[in-house]
Number of protein chains: 2
Amino acid sequence: MGSYKNGVVGDQSGTSNGDAGGAAVDKGVDFANYFCTYAFLYHQKEMLSDRVRMDAYYNAVFKNTHHFHGKAVLDVGAGSGILAIWSAQAGARKVYAVEATSMAEHARAVVKANNLQDVVEVIEGSMEDVVLPEKVDVIISEWMGYFLLRESMFDSVICARDRWLKPTGVMYPSHATMWVAPIRTGLGDQKSNDYESSMDHWERFADETKNYYGVDMSVLTKPFSQEQKKYYLQTSLWNNLHPHQVIGTAASIKEIDCLTASVTDILEVKSNFSSTVTLQNTRLCGYGGWFDVQFRGRKEDPAQEEVELTTAPSVNDGTHWGQQVFLLNPPARITEGDQLNGSFSMKRSKENHRLMEAEFSCEIRQQSGELVPRFTKDIS
Amino acid sequence: MGSYKNGVVGDQSGTSNGDAGGAAVDKGVDFANYFCTYAFLYHQKEMLSDRVRMDAYYNAVFKNTHHFHGKAVLDVGAGSGILAIWSAQAGARKVYAVEATSMAEHARAVVKANNLQDVVEVIEGSMEDVVLPEKVDVIISEWMGYFLLRESMFDSVICARDRWLKPTGVMYPSHATMWVAPIRTGLGDQKSNDYESSMDHWERFADETKNYYGVDMSVLTKPFSQEQKKYYLQTSLWNNLHPHQVIGTAASIKEIDCLTASVTDILEVKSNFSSTVTLQNTRLCGYGGWFDVQFRGRKEDPAQEEVELTTAPSVNDGTHWGQQVFLLNPPARITEGDQLNGSFSMKRSKENHRLMEAEFSCEIRQQSGELVPRFTKDIS
């Protein structure tokens, strides 16, 4: 039989021997599921071409050279080496650029081509295994996945911080926040249609298989329907939302202090939230999720100029992260002034610690005071 | 950084701890790279919807019930159980349906729904580990990957045969042949354009990164170009060829007797071949590869009616396997009567034993006697 993998964000393909609680993950499996993509220059280029991302880190470093000048820096997940190079150009005495994949060879070449081999040392290996000759003043890293925590790379940053950051050290970025807001979108209708289409196709297939090939497959209709429902309607989507699609106030559901967060803190995101609808006579089609990070330094050693990188819906300043869309099905009619009270719960998939599973619930309190009953959704 | 996998046939993503010579493959990695797709009903349905495939196996079984009546049968890689069920309906005394993924549960349900649970025993496990209570008279399996050997599932069939087939036993299918033929196609131009486009984009990116962000990435232009070339021009493609695209006689490059083939026999496909051009004034754009399998029984116990399943280019009888296209770049001008003498060599990728790497070389002997020099291509 011919076989191929669908490249779908949030798909459940792949497995790991580790559990969501942080037990050892098989390295071969982790490579097949996660690391391998980062070994490709094409993928690095995609990230390096994200102007908003690049501008934010560039400004964070060069408007705060006091944090770098004469200091020791660690770049976690260095990729092609850009952050390490900027740190050196900002005056760092020494930069350790740790990269788990063979991309490290390319980083080494770029460092040399920019004449910084005396300052930047590229180390190929995983952050959990690497041994540095000294502790560092700054840890800089671009670790954020879709909706911040997908890919769970922050674990490696925490590990680096606990082992290698001086007590006076600074994190770049220093803080991260996750946001959700109610949205309207055509995606729900689209996915509903795709699901219905798929079920029609199944019915025809089951008929044919019975009439033509003498095998009754109708016992699989229910599991097939569940599998397809999960795929089309219960898998969060990557999308580039327009600000006009945000129909209510955004609410923060997670705040991370990168200096103090532990792996336990980020294993689960669990929060109630409230949102006020800002558009008249509209449909609640789902929720959009995004994040921002800030470069504030630390209280005792703050940034001279604070920089923020946000991935909120934007006309001109979109990023490759887009937003994550959690569809609600069917949509609900709402209007300006309605209060949305919800709870959001997200944790790591047992089958693949790099992926997440989420649960949403929401009640609508209309201005009249009337309450539309709570509904709950499981989403991966 | 956001990350996603491209769903490309022949892509190199993933790795295994095993080497191409057949050493142990890490099971977790093998699941992440290969088995996981087969656990989805959607994927099973795609294969079950392939009418040519279904007709061939259906006819092979029901036109040769003498091979099944009162016999013990083993279905290797049973999937949803269809072949096992047909074997039972054809009169088998006992059918063992072995399936490595959780699809086995669905197979069990289908068997029960068709009232065959007394005959068909579904066993969830890998063929290499499973223990059967008896040897069998027939091994039936649909193991063929793109261009026959991709996915290397035949290893499991050989293992089953060597352990569980009686000395008098029969293989379904009994034989397999791999074919190549010269083709014309627009894909080469398309991929060339995509490659050029990608390089243009890279040049602009490298300029911007230098001028705007102060980092010279030009040292990566060459490796990027190699990576992109490999991706666009040196990766075999899945395609559904029209017979009109075949511009010369097909040549067989591998013949397999399923009763006697060993894993060593199929580790490598290495063959010279000759093809005569059948179209006037055309372009040799590459080679198309496909396979067929036959159900002939065995010499001492032949099929009453031989059935063949072919995946050759066809207007009406295409299959989900399509054909594999190996592009030649640039194309060569050829005409009717020209002789193409080539050699083809294909073996398993070291990084992932489920994928293949191929090497092609070809010389064109024109009717005038003039010889166009040999050119060689490495393709994955």
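A word on conventions before I start. Residues are numbered from 1 along each chain as its sequence is written, while chains are lettered from A and ligands numbered from 1 in the order in which they are written. Because the model is predicted, local features need pLDDT of at least 70 and side-chain atom pairs count only at pLDDT 80 or more, whereas totals for chains, interfaces and linings use all residues, and side-chain values use heavy atoms, with hydrogens and water left out.

Let me begin with chain A as a whole. Its secondary structure comes to 9 helices and 15 strands, where helices (H or I, at least four residues) and strands (E, at least two) are DSSP runs numbered from the N terminus. Of its 380 residues, 59% count as buried; buried means under 20% relative accessible area, exposed over 50%, and partly exposed in between, with a 1.4 Å probe and protein chains only. The accessible surface of chain A comes to about 15300 Å², of which 47% belongs to carbon and sulfur atoms, the areas coming from the Shrake-Rupley method with a 1.4 Å probe and, for residues, only the protein chains shown counting as cover. If we take the contacts in chain A with a separation of 6 or more, 75% of them are between residues 24 or more positions apart, a contact being heavy atoms within 4.5 Å.

Helix α4, residues 82-89, is mostly covered, with 7 of its 8 residues buried, and among the buried ones are W86(A) and S87(A). After α4(A) comes G91(A), whose phi is positive, near 105°.

Helix α7 of chain A, residues 187-213, holds D200(A), which at 45% relative accessibility counts as partly exposed. On the surface, D200(A) gathers with E196(A), E203(A) and D207(A) in a patch of negative charge. Such patches are made of residues with over 30% relative accessible area and no salt bridge, like charges being joined within 9 Å and nonpolar side chains (Val, Leu, Ile, Met, Phe, Trp, Tyr) within 5 Å. Also in α7 of chain A is N211(A), exposed with a relative accessible area of 66%; its C-alpha atom is separated by 47 Å from that of Q245(A), 34 residues apart along the chain.

I turn next to salt bridges, each defined as a side-chain nitrogen of Lys or Arg within 4 Å of a carboxyl oxygen of Asp or Glu.

In one, R93(B) pairs with E134(B), the closest N and O atoms being 3.0 Å apart. R93(B) lies in the loop between α4 and β2 and E134(B) in the loop between β3 and β4, so the pair ties together parts that are 41 residues apart in sequence.

In another, E121(B) and K94(B) meet at 3.4 Å, N to O. Since E121(B) lies in strand β3 and K94(B) in strand β2, the pair ties together parts that are 27 residues apart in sequence. E121(B) is partly exposed at 33%, whereas K94(B), at 19%, counts as buried.

Finally, R283(B) forms a salt bridge with D189(B), with 3.2 Å between the closest N and O atoms. This pair links strand β10 and helix α7 of chain B, 94 residues apart. Both partners are partly exposed, R283(B) at 26% and D189(B) at 38%.

Terms used:
Lys, Arg positive; Asp, Glu negative; His and termini not counted. Charge placed at Lys NZ, Arg CZ, Asp CG, Glu CD.
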